[in-house]
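The following dialogue concerns the reading of a protein model.

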Amino acid sequence: MSKIINYSEVLESKRLMVGVLSVSFLLSAGNAISGTIPAMEEAFSNISKANIETLTTIPTAGIMLGTVLSGVFSNYLGKKKSVLAGLIIALVGGVIPAFLPQYWPIFISRFLFGVGMGIFNPLSVSYITDLYAGDRQRSLLGYRNAVSNLGDTIMLFVAGILITFGWNITYLVFFALLIPIVLIILFVPKEFDNFDIRNSALDENGQISDSVSDVKPSTNLKVIEVGVVFMVITMLYNAIPLKFASYIVTEHIGTASTATWIFSFLVLAGIFSGVLFEKISKVFKRLTVFVFEIVIGVAYITIAFTYNIPLLTALVLISGFGWGIINPALTARLVDVSPINSMNLSTSIIVIFISVGSLISPYFFAMFAGLFGNDSAAFAIVVGGALYVVMAVLDFIKIKKNKELSI
C-alpha cells in the first residue's frame, strides 16, 4: 500500500524549494562556451567569422521557439514532465558538439539547445509563483536570480578547465544539466502540476482538494505591458555589455581585458541582489522598480564621464545589482496581473519580449547614433542611462494610478 503524501508538509519542505530553484541553476548555461569561438575560427578556417559567431547567437532563435512550445508541452505533458523534457533536449543539444565537432552538427545542436532552454525557462518562474505566495514567493524569485548567477559562475569555471583539453571537449560542461534533472525527479511531485496557490486548496490531510486545471491559460494587456517594459529595460541594459569595452579602450582608460575583468564581478552583484531582494522589496515596496531604474540610469550617465577604473568598477556593479532587483520585482508584478492558471503562458510571453529586446539592442543604439551624429560608446551609454530615468518616471506614474500592484 503506497504511503499517502501530505502535500502541506511538502510545500513547506526545503527539498521542494531546492528542486524548484534547481530549474534556474543553468539559465545562463549558454555563456559557458563563449571562450571556444577563437578556437573554432581556427578549426573551421573555411567558414566565415560571422558564421562562427552565429553559433553563440543561434540559441536565441531556439529559445524563442522553445518558449512558444513550452505552453504546448505543459498542457499535454504537465509541468514536471515539460521541465524534464526541456532539460533533456538542452542536455542533448548541449553535448553534441563534443562528439560531432563539425560546423553544421554544431549549428543544429546549438539551436536544439536553445529550444530546450526555451521550454524550461518559463517554468522556472511559474513553479515558484504557482507554489508560493507572499514573502516566500518574493524571496524565491530573488534566489532564482542568485542561483542563476551562481550556476553561470560554476559553468564558466568548469568550462575554463575543459577547454584546455580541446575546444569541443568544453561542450561536455552541459552534462551539468543532469543536476536539475535529478533534483526535479526526486524533489518535485507531479501532483503540483496544476496547483496554483491563489486558487487551489489543501484539505486537513494535506491532500490537494481543488485545482484550476480546467481553467484555460489566457493573457491580457497588463501582461503585454509588463513584457514591453522588460523588453525596453533589457534593450537599455545592453548598453554596457555592448559599449563598455569600447568606452574603456577609446577613452584610453584601459584595455579590452580591463573591461572583461570588471564584468567578471557582475556575477557577484547578481548573487547579492538575488539574496537581498526580499528585504529590499520590503523597504521600497511599490517603488522598488522606480528606485532601481533611477539607480541604473544615474550609474550609466556617471560611467560615461568617469575615467577611474575603481569607480567604473563600482558603477558597473551598482548597475548589475540594480538589474538583479528590477528583474524579480517585475516578475512579482507579473504575478499580480497574470490571469488564473496562466503564469507559464505569461512567463513565456515575457521571455519572448526579453529575447527581442536583446536582439534589437545593437540596432536601437545605432539608430540613436545616426539621429544625433554621434556613434561614440560614451554617448550610447548616456542614452541608455537617460532612457532608464524616463522609464522610472513612467513607472512612477503607473504605480500611482494602479493601486492593485503589490510591488
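Q: In which helix is the place of Q137?

A: This is a predicted model, in which local features need pLDDT of at least 70 and side-chain atom pairs count only at pLDDT 80 or more, while totals for chains, interfaces and linings use all residues. Residues are numbered from 1 along each chain as its sequence is written, and side-chain values use heavy atoms, with hydrogens and water left out. Helices are DSSP runs (H or I, at least four residues), numbered from the N terminus. Q137 has its place in helix α7.

Q: Is Q137 buried or exposed?

A: Buried means under 20% relative accessible area and exposed over 50%, with partly exposed in between (1.4 Å probe, protein chains only). Q137 is buried, its relative accessible area being 9%. Contact means heavy atoms within 4.5 Å. Apart from neighbours within four places in sequence, Q137 contacts I128, T129, Y132 and V335.

Q: Into which domains is the chain divided?

A: Domain bounds come from an automatic or database domain assignment. Here they give domain 1 (7-198) and domain 2 (218-406). The C-alpha centres of the two lie 23 Å apart, and the contact takes 29 residues from domain 1 and 28 residues from domain 2.

Q: What area is buried between domain 1 and domain 2?

A: Buried area is the accessible area (1.4 Å probe) that two parts lose on being put together, summed over both. Between domain 1 and domain 2 it is about 2400 Å², with carbon and sulfur atoms giving 63%. On the side of domain 1, M64, R138 and R198 lose the most area to domain 2, together 24% of what that side buries.

Q: How many salt bridges are counted between domain 1 and domain 2?

A: A salt bridge is a side-chain nitrogen of Lys or Arg within 4 Å of a carboxyl oxygen of Asp or Glu. The count between the two domains is one. A salt bridge joins the side chains of K282 and D135 (3.2 Å, N to O). α4 (49-77), α6 (103-131) and α7 (134-162) each supply at least two residues of the side of domain 1 that touches domain 2; the largest share, 12 residues, comes from α7.

Q: Where does H252 lie, and where is K285 found?

A: Most residues other than glycine have a negative phi. Phi of H252, however, is near 60 degrees, a positive value. H252 lies in the loop between α10 (239-250) and α11 (256-263) and is exposed, at 73% relative accessible area. K285 has a positive phi of about 50 degrees; K285 is found in the loop between α12 (266-284) and α13 (288-303) and counts as exposed at 53%.
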